[in-house]
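Subject: Structure handover

Hello,

Here is the structure I promised to pass on. My notes on it follow below.

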Amino acid sequence: LYDNFHYLNNDKFYSLNFKYNLNDLDKLPFDMQLGGRLTASSQNEYQSNSLFFNLHKEYTSGNYPVIPFLQLDKFNFDSQDEHSFEDTMISFGLSIKLVVDNQDNDVFKDIIYLTPVLRTYDLSSYFFDITIGLYHPFS
């Protein structure tokens, strides 16, 4: 995920994240994720909180499963020195799961995620990012 801060001063920032997955719902053709985030600075100069709602669906046809998603984020930002604001961000992306086969027939596999994302705040400015992640199970 991303931070909705522009770190201007030397300070320490702390975040608390929560995500809840609603998967395999019988009446819906997609899965959902709900969550929130609270971030604050150690000197109480900055504080931000956000809520998000994510729709996604995994497609496993082909060699590499793909997970297209649409995410809505609503966040607000408070700064003692500057202004406060709130905004909504829309993100559309596609996670590609590259499963690493380690030849030992273990059900738990290492997975490398490659996720390109297109984001916008006001439908006039767009941002593109690529995230790379690693999932490694502990057995």
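Start with the aromatics. Phe75, Phe77, Phe85, Tyr121 and Phe127 form a cluster joined by ring pairs. Rings of Phe, Tyr and Trp (its six-membered ring) pair if their centres lie within 6.5 Å; planes under 30 degrees apart are stacked, over 60 edge-to-face, and the rest tilted.

Two notes on the source before the details. This is a predicted model, with residues numbered from 1 along each chain as its sequence is written. Local features need pLDDT of at least 70 and side-chain atom pairs count only at pLDDT 80 or more, while totals for chains, interfaces and linings use all residues; side-chain values use heavy atoms, leaving out hydrogens and water.

**Confidence**

pLDDT is the predictor's confidence in each residue, from 0 to 100. The protein averages 83, and 86% of the residues score at least 70. Residues 1-5 fall below 50. Even so, that stretch has 18 contacts in the model beyond near neighbours in sequence. Contact means heavy atoms within 4.5 Å.

**Overall fold**

The protein has zero helices and seven strands. Along the sequence the pattern reads β-β-β-β-β-β-β. Helices (H or I, at least four residues) and strands (E, at least two) are DSSP runs, numbered from the N terminus. Among contacts with a separation of 6 or more, 41% are between residues 24 or more positions apart.

Of the 139 residues, 27% count as buried. Buried means under 20% relative accessible area, exposed over 50%, and partly exposed in between (1.4 Å probe, protein chains only). The protein exposes about 9900 Å², and carbon and sulfur atoms supply 56% of that. These areas come from the Shrake-Rupley method with a 1.4 Å probe; for residues, only the protein chains shown count as cover.

**Aromatic pairs**

The structure holds four aromatic pairs. One of them is Phe75 with Tyr121: the ring centres are 6.0 Å apart and the planes meet at 75°, so the pair is edge-to-face. This pair links distant parts of the chain, 46 residues apart. Phe75 sits in strand 4 (residues 66-79), and Tyr121 in the loop between strand 6 (110-120) and strand 7 (126-135).

Phe75 is buried, at 4% relative accessibility. Tyr121 is partly exposed, at 33%. Tyr121 also pairs with Phe127: centres 5.8 Å apart, planes at 75°, so this pair is edge-to-face. Phe127 is partly exposed, at 41%.

Phe85 belongs to strand 5. Its relative accessible area is 35%, so Phe85 is partly exposed. Setting aside residues up to four places away in sequence, Phe85 touches Phe75, Asn76 and Phe77. Phe85 and Ser48 lie 37 residues apart in sequence, with 9.8 Å between their C-alpha atoms.

**Leu51 and Leu72**

Leu51 is in strand 3 (residues 46-56). Leu72 is in strand 4. Leu51 is exposed, at 59% relative accessibility. Leu72 is partly exposed, at 39%.

Ignore neighbours within four places in sequence, and Leu51 contacts Gly35, Gly36, Leu72, Asp73 and Lys74. On that basis Leu72 contacts Leu51, Phe52, Phe53, Met89 and Ile90.

**Asp122**

Asp122 lies in the loop between strand 6 and strand 7. This residue is partly exposed, at 48% relative accessibility. Asp122 and Met89 are 33 residues apart in sequence, and their C-alpha atoms are 7.7 Å apart.

**Largest pocket**

The largest pocket holds about 680 Å³ of space. A pocket is an open set of points on a 1 Å grid over the protein atoms alone, where a 1.4 Å probe fits, with protein on both sides within 12 Å along at least five of seven lines. Grid points are joined across faces, edges and corners, and the volume is the space filled by probe spheres set on the points.

The lining counts 23 residues (an atom within 4 Å of a point). Lys19, Gln33, Asn54, Phe69 and Ser95 lie nearest the centre of the pocket. The elements giving two or more residues to the lining are strand 1 (13-22), strand 2 (31-41), strand 3, strand 4, strand 5 (85-100), strand 6 and strand 7.

Best wishes
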